[in-house]
Amino acid sequence: MKATSRLLIKIKGLRTTFRVGIIPGDGIGLEVVPWGQKILEAVSKNTPLTFELVPLEAGFNVFKKSGKSVPDETMKGLKSCDAALFGAAATPVTPPVGYVPPIVDIRQRCNLYAAVRPLVSVPLDKKPARPNVDMLVIRENTECLYVQKERWALDSNLGGKVAIAERHISEKASRRIARLAFTAARQRRSVKTRPPHVTIVHKANILPVTDGLFLECCRDVAKEFADIPFDDQLLDSFMYKVTANPAQYDVVVAPNTWGNVISNAIAPMVGGLGMVAGINQGGNLLVAEPVHGTPKHLENKGIANPIAAMRAAAMIVQRLAPTFDVEYFFEKAIQQVLMEGRILTPDLGGQSTGSELGELVMTRFLALLQLGSEQEGVFRDG
């Protein structure tokens, strides 16, 4: 049942209806995205918010049928949406000519210039999970090696073929991502107990032109945020330090390739890739995704962890309707399930199926959401 008219009056003037594209993709994306969809449906049923779900296609299987990983119909559909929930794509190790991973294609064509990935500790007694991690990794999303510009050359001195990859780093994109990182650090200050801090990760010692430009732009933008302390660290040095003590970091900003490496490397410390979700943002669209991809060893076994996809859906709600505390209730539900420890998928140290875990999380979430609606706790003042 929808919230009462009294609650509707409380949010008078706020937008409450949104369109969300649903893109399961391939592999375990087909298994976990329906659980994210359930989150959006539950919010639509139990709050004044309404999410119109738009089914869309993308992925390697779509490419094999149509020659495009993201069909024109899907791009057209995305343009009519406020957000999208993307699952995973079965990108081959050596992709066929013409294939572009769909999430990369969507990022570039929709100008989703930033990947924002929260990495937060969970109550899980399983190594290498670590306590007190509360990090936000912000990754430039459109450049670096992901421009996918490679070519062959012949080198007479080496006596054979040489493979060359171009790396693009622009002043515009670097300044834009730096400004987002420092703004995020400033915003986090209002809700975190520790002081804000930005760490710029680079390899300017080896790549003085490309990463040198990235570092120069980040340092220049930092002057606009005199209240936010920052430092810069070489990628290899950062990886050593973050592995030894991840709790010391707040906001981390990096070029595209390094940002992907960083967020994936830290994932085991916060429960694994099955727990981590992120937002691709920029322009008029945001695309949320579980960051795990579709590992072959999990496909068609029913044991894929659905929490990251459910988290991605909760992030969509929070971004589109920030006056609601839906993400808070979802995170509380996760905490309850993990602390109970009865139903966990193998990646979390248990033996349950993805459906069993998803059902329990949904049960806890619905109970908290309904209680919050009854008490109006799901609404923030103002």
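Here is a short chat about the strands and helices of this predicted model.

Residues are numbered from 1 along each chain as its sequence is written, and side-chain values use heavy atoms, with hydrogens and water left out. As this is a predicted model, local features need pLDDT of at least 70 and side-chain atom pairs count only at pLDDT 80 or more, while totals for chains, interfaces and linings use all residues.

Me: Happy to start with the sheet: what is the order of its ten strands?
Reply: Strands (E, at least two residues) and helices (H or I, at least four) are DSSP runs, numbered from the N terminus. Two strands pair if DSSP finds at least two bridges between them. The sheet is open, its pairing is mixed, and its order is β2-β1-β3-β12-β11-β4-β5-β10-β8-β9.

Me: Which strands stand at the edges?
Reply: An edge strand here has a single partner strand, so one side of it is left without a neighbour in the sheet. That is the case for β2 and β9 (230-234).

Me: Which residue in β2 is the bridge partner of I22?
Reply: β1 (residues 17-25) and β2 (residues 50-55) pair in the parallel sense over six bridges. With helix α2 (residues 29-46), these strands make a right-handed β-α-β unit (with the strands pointing away from the viewer, the path from the first strand over the helix to the second runs clockwise). In β2, the partner of I22 is P55.

Me: And on β3, which residue is the bridge partner of G21?
Reply: β1 also pairs with β3 (residues 83-88), in the parallel sense and over five bridges. The β3 partner of G21 is A84.

Me: Parallel or antiparallel: in which sense do β4 and β5 pair?
Reply: β4 covers residues 114-120 and β5 residues 134-140, with seven bridges between them. The sense is antiparallel.

Me: What angle does the direction of α9 make with that of β5?
Reply: Helix α9 (residues 256-266) packs on the sheet, touching β4, β5, β8 (198-202) and β10 (251-254); contact means heavy atoms within 4.5 Å. Axes are lines fitted to C-alpha atoms, for helices over the stretch in contact, and angles run from 0 to 180 degrees between N-to-C directions. The angle is about 155 degrees.

Me: Lastly, how far apart are the axes of α2 and α10?
Reply: Residues of α2 including W35 and I39 meet residues of α10 (307-320), among them M310 and V317. The two helices pack at an angle of about 35 degrees, with their axes apart by 7 Å.
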